[in-house]
Amino acid sequence: MERVVAKQYDLIIGGERVATSEHFEIRDPGTGDVVGLCPVATKEDLDRAVASAREAYRTWSRSGDQERKEAVDRIADSIHANMEELAQLLTLEQGKPLNGLGSRFELHGAEAWARHTGTLDLPVEVLHDDETGRVELHRKPLGVVGSITPWNFPILIAIWHVVPAIRAGNTVVIKPSPYTPLSTIRMVEILNDVLPEGILNVVAGRDDLGQMMTSHPDIQKIVFTGSCATGRKVMQSASETLKRVTLELGGNDAGIVLPDADPKAIAERLFWGAFINNGQTCAALKRLYVPGNIYDELCEALVDYAGTVRVGHGLDEGSILGPIQNRMQYDKVVDLVEDAKRSGARILCGGKASEGPGYFYPVTIVADATDGMRIVDEEQFGPVLPIIRYTDLEDAIEQANGLDVGLGGSAWSSDVDKAKAVAARLECGTAWVNNHGAIKPFAPFGGVKGSGLGVEFGDLGLKEYTSVQVVHQ
Ligand code: NAD
């Protein structure tokens with residue numbers, strides 16, 4: 001029988017493919033089949049990638065606004081032209097379905113974010129101008145930006161990092177997650193066809209490569225998206241060389257439903273706020289606070305909607321949700337649900353691991369959850385939503401704000417003003433009214449408290465890739 005040899009992926013440094021001597025297998029989380037072989041970059045490979053980005057920076061940092069905007073437009077065009085190939089590869093290695101809010105949706109988002117970033121300006125601000133003199137504020141690029149990405153939205157988050165960095169005149173070395181490196185490598189390869197040599201490089205390997213980046217003397221900024229625990233390590237390591245950091249970390253978003261909300265009207269939006277990308281989303285709804293008068297009705301409406309969602313292999317055009325991405329996350333979800341059962345919570349649907357192959361776990365809605373249960377206090381990052389009953393709205397707000405993270409939060413009511421007043425009291429970077437998780441390329445996004453530092457998107461996000469130079473004349 002003919003043996004199928006998995007495709008070996010290479011690093012992309014200075015526009016060239018660079019082969020490594022070591023590789024590891026990337027497997028389809030829906031079947032366990034090998035999708036491809038991820039290269040393992042050495043410290044020397046990283047040095048070479050950083051040197052390439054540094055060399056390219058000499059020219060790129062002096063490019064004009066128009067040239068940078070055109071490069072960003074070419075990135076958007078290229079994503080558009082290669083959308084289906086990248087979506088298929090993303091589905092194979094990440095598990096998310098092609099359809100629903102899956103790979104094609106992610107690729108469309110990547111194009112939209114790139115396009116918008118191409119329209120942003122970094123104008124010189126005149127701070128003072130009269131007969132005594134003129135003072136201007138200029139925005140200058142930083143140098144080489146190191147981008148470290150997670151496994152939940154590998155393509156979209158890569159674009160969120162890379163495009164504003166390049167738009168502002170920096171050059172980039174990106175390191176994707178060891179769980180989902182292939183789609184990023186392929187995207188960087190494709191983008192190198194339309195970008196000047198060396199401004200976008202990709203290295204891949206294991207977690208220690210990230211650590212090498214955060215301590216690298218020739219990287220000026222780290223943009224990191226990932227867990228809170230790793231984010232703290234990144235900041236610590238980056239402090240040695242005083243790198244700038246943007247940290248987009250984990251969350252445990254709360255939603256508060258007010259007593260006047262209509263359960264049937266909000267169930268679908270609540271569901272997708274929680275289960276987008278199988279719950280493997282930083283700003284997904286992870287704890288839902290519901291008052292006693294509509295508790296049972298809302299639980300029922302959510303379970304009814306869950307029954308309409310088809311879970312299956314991502315390449316199946318009919319699937320709306322796929323498997324959990326990896327074993328570590330799957331085990332965590334199983335552990336949290338089992339702990340909730342032991343603690344007295346009620347499983348309304350799901351809650352039972354399916355027989356393999358693949359890390360499939362059903363949509364799981366957990367009633368009678370309370371603060372103090374692990375399933376409420378810890379970020380589940382999987383297809384699980386605990387629902388907590390409350391009697392006093394003030395208590396619910398206090399509980400929602402009771403954790404040390406603050407990425408997103410939401411309030412739900414038939415009266416928008418009432419919901420808005422509650423949303424405004426949530427300690428989080430983004431607060432939604434009758435919605436959870438909507439993001440826009442022009443609206444700054446970031447966490448407060450332990451959920452991170454800095455913002456991405458829009459003018460404020462772009463400015464994070466610059467330093468200020470004030471010119472007095
Ligand atoms: P993770 O922290 O395990 O890994 C993220 C990246 O960091 C990977 O590329 C990994 O290889 C690298 N890394 C690991 N150790 C490192 C070290 N010591 N130094 C430098 N880099 C290192 O996170 P994950 O499991 O891939 O992603 C899930 C987490 O990401 C969740 O907590 C989620 O909420 C969060 N997230 C946040 C956002 C946001 O915008 N705030 C978006 C997506 C995901």
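The residues of the shell around the ligand divide into 13 nonpolar, eleven polar and five charged. Here Ala, Val, Leu, Ile, Met, Phe, Trp, Tyr, Cys and Pro count as nonpolar, Asp, Glu, Lys and Arg as charged, and the others, Gly among them, as polar. The model is predicted: local features need pLDDT of at least 70, side-chain atom pairs count only at pLDDT 80 or more, and totals for chains, interfaces and linings use all residues. Residues are numbered from 1 along each chain as its sequence is written, and side-chain values use heavy atoms, with hydrogens and water left out.

**Around the ligand**

- The ligand has 29 residues around it, of which Thr149, Asp207, Ser227, Leu249 and Glu379 come nearest (a residue is near if one of its heavy atoms lies within 4 Å).
- Helix 7 (207–214), strand 10 (221–225) and helix 8 (228–239) each supply at least two residues of this shell; helices (H or I, at least four residues) and strands (E, at least two) are DSSP runs, numbered from the N terminus.

**Atom pairs and burial**

- The side chain of Asp207 has an N or O atom 2.6 Å from an oxygen atom of the ligand.
- For Glu379, a polar side-chain atom lies 2.6 Å from a ligand oxygen atom.
- Gly226 places a backbone N or O atom 3.2 Å from an oxygen atom of the ligand.
- The ligand taken alone exposes 860 Å², and the protein buries 92% of that (Shrake-Rupley method, 1.4 Å probe).

**Overall chain**

- The protein chain has 15 helices and 22 strands.
- Its C-alpha trace spans about 80 × 65 × 40 Å along the principal axes.

Methods
A polar contact is a pair of N or O atoms within 3.5 Å; within protein, one must be able to donate a hydrogen and the other to accept it, and residues adjacent in sequence count only if both atoms are side-chain atoms.
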